[in-house]
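Here's a quick briefing to read alongside the model. Have the sequence and the 3D view open as you go.

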Amino acid sequence: MQAAAGYITDVSYVPGFYPNMAPVLLRYVATLNRLTPPPADRFRYLELGCGLGRVFTTLAAADPRGEFVGVDVNPRHTDVADRDIAAGGLTNARAVTADFASLPDDLGTFSFIVLHGVYSWVAEEVRAQIRAVIQRHLAPGGLVLVSYNAMPGWAHLQPIRGILRQYAALRQGDSVQRIRDAVAYLLYIRDKQARYFTDNPRAAAYVDAIKSLDARYLAHEYLNDHWTSFYFADVATTMGRVGLDYVGSLPVHTNFWDLCVLPEFQELFRTTSNRLVSEAHKDFCANTAFRWDLYGRGLATLPTIEDRLARADDLCFGLGRPDVKLPHTANLGIVTSTTTGPLYEALLGLLRGGSRPLSAIVSDGALAGVAPGAIAQAVDAGVATGLFEVTSHPLPPSAPVPDGPLRVVLPFNREILSADILCGRPVALASTLTGTGTSIGDLDAAFIHELTSGGRPGLVERIDRRLAAAGRGIERDRQPVTVAAERTELLSQAADAVEATLVPQLLRQGILAAD
Ligand SMILES: C[S@@+](CC[C@H](N)C(=O)[O-])C[C@H]1O[C@@H](n2cnc3c(N)ncnc32)[C@H](O)[C@@H]1O
């Protein structure tokens, strides 16, 4: 096995898109925490350890105002990103094959530096290199997003990584073969009720989650030489040494402690303004196992709502779903939140007409008499609970689907739809209106591909042929459907659902257009 400071390189990773990494959301989290985000026009974005590149290439397609660079040590990964960049006709993205210690001298500075699935999986010397990259290449007023395995949530799962790695080291073959063998062993000792699993029922249940995951993902997750889960304070302290201050976290609801911990634990949050203390407390109350943290360097504060409206008003707010109704209930893991009341009724009514910036919301006659600060608070809480969404541009209201042909607007999306046909994992399509990607299931993506390339006649038959060619069955109530008429009926229902729900959404997001 080749190694890059102990990181596996013999097996390629799996492609994935993570909306938490979009500039639009990073800028929003800064604003929510009363800090001025980097400007939305002409920004530069650096992804460290970009893997196959689906995050930075999708975001580059979604936001032509930015220049996107992805770095990875594994040339097999950057080759895939290069291919997507060329096939998608992206002129604002490039992949760099390098390790973090030897980035090109002329890389310049960036207002966003992001890394997902990297910090916990590399040696401390590599983490030091990452911090050095941040110190050198983060522009003043810039943001850094770092995700990592967190304590205490990983405490009872840590031994699983230990046993997988130790067993895999005894096996032959590449990393995929060795992790498969190790998972089979893990299942065996769990099913034989090894004492560790009977003493730790949540670890026993976790084995079931592992067994159905892609072996390439598992190899990258568990077979590197280094693997560390961190307390929030450890990361905040080391980031502080390169001049970074904690800004907030993702998903959005994690910025609201009352949406993360039960009421009986909330007293400490009311009495401390020290984020290092309250985040640690939050992680214990929620047993956090993974964190997405946002840091910034030299971000100007936005102390009042007037400052926010004057200096950070380019984000737009709209309905999370066109059919959203009150009361709106969101299960946020630890807390289930219910939103209702006249202010939200008024906001819903207003946003049914299309999304808009906060300044247009607070000044709308429908909310006359409500303080701008209270409106902003309601909008932010609505984003946190999924009632509202935040986008880089205004989205139009929902409109009826045109009868005529439809097309996929961006060449990048056309390429992804065709290359990832029935790939067995979600497919992310870039939207220049939302400023991010929208992930859809691979069967839905196949419908969109066929609908836009071959039209509506014979759609179900074409999808059926594609499924057969890919060796993919159809299930009803978890049982395979083998009768042809029943398959056709199920696929027709799926096609109707795509036309009724997905197509209007993709039209609104500018991903599809009438031809
Ligand atoms: C678990 S993968 C995550 C990939 C991608 N960020 C994602 O979430 O899909 C970690 C990536 O970091 C890269 N990597 C590890 N050590 C590195 C180093 N020292 N320099 C550059 N890239 C590195 C690996 O090649 C791998 O692609």
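Which residues in H6 meet which residues in H9? Ser-175, Val-176, Ile-179, Arg-180 and Val-183 of H6 touch Ala-215, Arg-216, Leu-218, Ala-219 and Tyr-222 of H9, with contact meaning heavy atoms within 4.5 Å. Keep in mind that this is a predicted model, where local features need pLDDT of at least 70, side-chain atom pairs count only at pLDDT 80 or more, and totals for chains, interfaces and linings use all residues. Residues are numbered from 1 along each chain as its sequence is written, and side-chain values use heavy atoms, with hydrogens and water left out.

**Helix H6**
- H6 covers residues 175–191, helices being DSSP runs (H or I) of at least four residues and strands (E) of at least two, numbered from the N terminus.
- Buried residues (under 20% relative accessible area, 1.4 Å probe, protein chains only) in H6 include Val-176, Ile-179, Leu-186 and Leu-187.
- The buried residues of H6 pack against strand E2 and helices H5, H7, H8 and H9.
- After H6 comes Gln-193, with a positive phi near 65°.

**H6 against H9**
- The axes of H6 and H9 come within 9 Å and cross at roughly 85°; axes are lines fitted to C-alpha atoms, for helices over the stretch in contact, with angles from 0 to 180 degrees between N-to-C directions.
- That makes H6 roughly perpendicular to H9 (65 to 115 degrees).

- E11 and E12 pair in the antiparallel sense over four bridges (pairing takes at least two DSSP bridges).
- His-328 has Thr-339 in E12 as its bridge partner.
- Four residues lie between the strands, and Gly-333 takes a positive phi near 95°.

Terms used: The expected span of a helix is 1.5 Å times one less than its number of residues. Buried means under 20% relative accessible area, exposed over 50%, partly exposed in between (1.4 Å probe, protein chains only). Angles under 35 degrees count as roughly parallel, over 145 as roughly antiparallel, 65 to 115 as roughly perpendicular and the rest as oblique.
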